[in-house]
Amino acid sequence: MCFGPFPLHQTMASRKESAASGSSPLETPVKQIQIDGLVVLKIIKHYQEEGQGSEVVQGVLLGLVVEDSLEITNCFPFPQHTEDDVDFDEVQYQMEMMRSLRHVNIDHLHVGWYQSTHYGSFVSRALLDSQFSYQHAIEESVVLIYDPIKTAQGSLCLKAYRLTPKLMEICKEKDFSPEGLKKACIGFEIMFEEVPIVIKNSHLINVLLLDLQEKSTVADKHELLNLSSSNHLEKSLQLLMDRVDDMNQDIGKYNTYCRNLSKQQQQKQQYLQRRQQENTQRQSRGEPPLPEEDISKMFKPPQAPPRMDTLLIAGQVTCQSVIFMGRSLF
Amino acid sequence: MWQQLKMKYKNHESHGDLRSLSSSLFIIILHFLYEIMAVHGPVVKIHPVVLASIVDSYERRNEGATRVIGTLLGTTDKHSVEVTNCFSVPHNESEDEVAVDMEFAKNMYELHKKVSPSEVIIGWYATGYDITEHSVLIHEYYSREAPNPIHLTVDTALQSNKMNIRAYVSSQMGVPGKTVGVMFTPLTVKYVYYDTERIGVELLQRTRASPSRTNGLTTDLAQVASAAGRVQEMLTTVLSYIEDILSGKVMADNSVGRFLMDLVNKVPKITAEDFESMLNSNINDLLMVTYLANLTQAQIALNEKLVVL
């Protein structure tokens, strides 16, 4: 499901120039995100119409970068992945959409993507890969996570995340072994960073909103004050338990790996000792010592399990537990 | 409406005085009939996302263009048409000719169909107040794409200090067999929202208040507080109305009285101890959940530290 950004060569070149002359790449280039009301409505509509059955609904965000904030001015949805010949269609679909939108003066700059989430379970390998490829190509890109279930309960739940620079480096190296992660001393807290969102509307849209409010008889909805949130609570708890089980399995694997490693070390030591003993015995008997065998070939070190998934699961569990807590309060 | 009729009429060649008189009479009669009926045909239900897109594409129009047109997508029913999506189509308009990029429209429709296969072309929109002659031509084109297309106008120039949003459907008019023309009859326009859309629109409404037209996403607590505040306001309004009635200032209204009765009866009858025990058990649950969540988080953090050692 990983889809990469459309290579916009001219814009990339100009962006690189400004990056070289402007701020250093280590600082976060995006401090705030400004979303147009239109984008919010489109995302809501997309989930409502197409996302009832399957888990996630995705799309592309378009906009531009203004100093230290990212403006998202439009978006378009991505079709569901049901057919086999998906890859070719994806890229072509994206290209066609961008080209057409350029004709009607819509910003055709790719600045990120959005995804809907089911009860908060969005921290996955696929998300990481996609966001990494986006952020690698376009530095300021973000992923918007839209939680429809929480929104239906009364308050719009839209969050923007980016990968921290540290995580970017690790993904670049592709070194997910325990030693690599230890070197970077990365924990699950500093994997993603949240960027604050601000919604902006133009004057004309404000007029439209005024009109809508007058015309439509929108009865006041008080889902916020609804006290019966128990089924959502149950669902969150179930997902939390699933993630904790996954975590457990992963930790178990890591523990067996550590144990195997230490056992192997012991075996190596024993072998060396025996060798020494034999050699001294042989020397005392006057025979030539046994040749030093290559130890590393005899004892192959066990495969270190990739720790990236553990990190992801840890992040997910944290996220889930926060949501679990939040659900009980509201 | 009357101006539209006049324009249509002027466009047609008149073949003779008597015939023109009869057709003009016919038009006058039809006009008055439609004024009385005011609505004819399916009800048009619009989602706010469509209107926002239209306004946005109007803001992004090319230099020199006075209006923007585009295609409307949605679903049709026996008695209603629901407009759920739209996209703008580049076009050039001058005094005597109009050119619409049909290829573009077709391409965009294909792309949109990939995402939501249930949406079909149901009409087109244009910004601006009047229906011009060019609209007739464009409408003809769209009649080839969809049966009985809807024409939506959004008055972005705010001619009457309001953004008038109207929908029309075209129908034949004139003396049959002789001068035939096209008339746009208005339809009722309703706004429909999904639940989540309503919440989104509500949030967007708040940008009207701030001078910089921006609005951050509020925290959960603030929203609960504001919802509770709203309920309180409503209660005070109701209470003041009742006081007015009791003191005789306002006439009592039976239907309102019935609603009030409903309201009072809806509050469930619980004794004080039951209520207290319910509240306490709820608070206990809440505390347990918080504890559990914190425990999980602490465990994970500990695990991380151990791994790094």
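At what angle do helix α2 (residues 37-50) of chain A and helix α6 (residues 195-205) of chain B pack, and how far apart are their axes?

Modeller: Happy to. First, a word on the model: it is predicted, so local features need pLDDT of at least 70 and side-chain atom pairs count only at pLDDT 80 or more, while totals for chains, interfaces and linings use all residues. Residues are numbered from 1 along each chain as its sequence is written, chains are lettered from A and ligands numbered from 1 in the order in which they are written, and side-chain values use heavy atoms, with hydrogens and water left out.

Now your pair. Two packed helices are described by the angle between their axes and the distance between the axes. For α2(A) and α6(B) the angle is about 170 degrees and the axes are 9 Å apart. Here helices are DSSP runs of H or I with at least four residues, strands are runs of E with at least two, and both are numbered from the N terminus. Axes are lines fitted to C-alpha atoms, for helices over the stretch in contact, and angles run from 0 to 180 degrees between N-to-C directions. The two helices are therefore roughly antiparallel, a label for angles over 145 degrees.

On the α2(A) side, the contact (heavy atoms within 4.5 Å) is made by A:G37, A:L41, A:I44 and A:Q48. Facing them from α6(B) are B:T196, B:E197, B:G200, B:V201 and B:L204. An α-helix has 3.6 residues a turn, so residues three or four places apart point the same way. By type, the contact residues divide into four nonpolar, four polar and one charged; Ala, Val, Leu, Ile, Met, Phe, Trp, Tyr, Cys and Pro count as nonpolar, Asp, Glu, Lys and Arg as charged, and the others, Gly among them, as polar.

For context, chain B has nine helices and eleven strands, and 37% of its 309 residues count as buried, meaning under 20% relative accessible area with a 1.4 Å probe and protein chains only. One of its helices, α3(B) (residues 48-59), has eleven of its twelve residues buried, so it is largely enclosed by the rest of the structure. Its buried residues include B:P48, B:L51 and B:Y58. By contrast, B:F259 in helix α8 (residues 254-266) of chain B counts as exposed at 61% relative accessibility, the cut-off being over 50%.

In chain A, strand β4 (residues 110-116) is mostly covered, with seven of its seven residues buried.

Terms used
Parallel < 35°, antiparallel > 145°, perpendicular 65-115°, else oblique.
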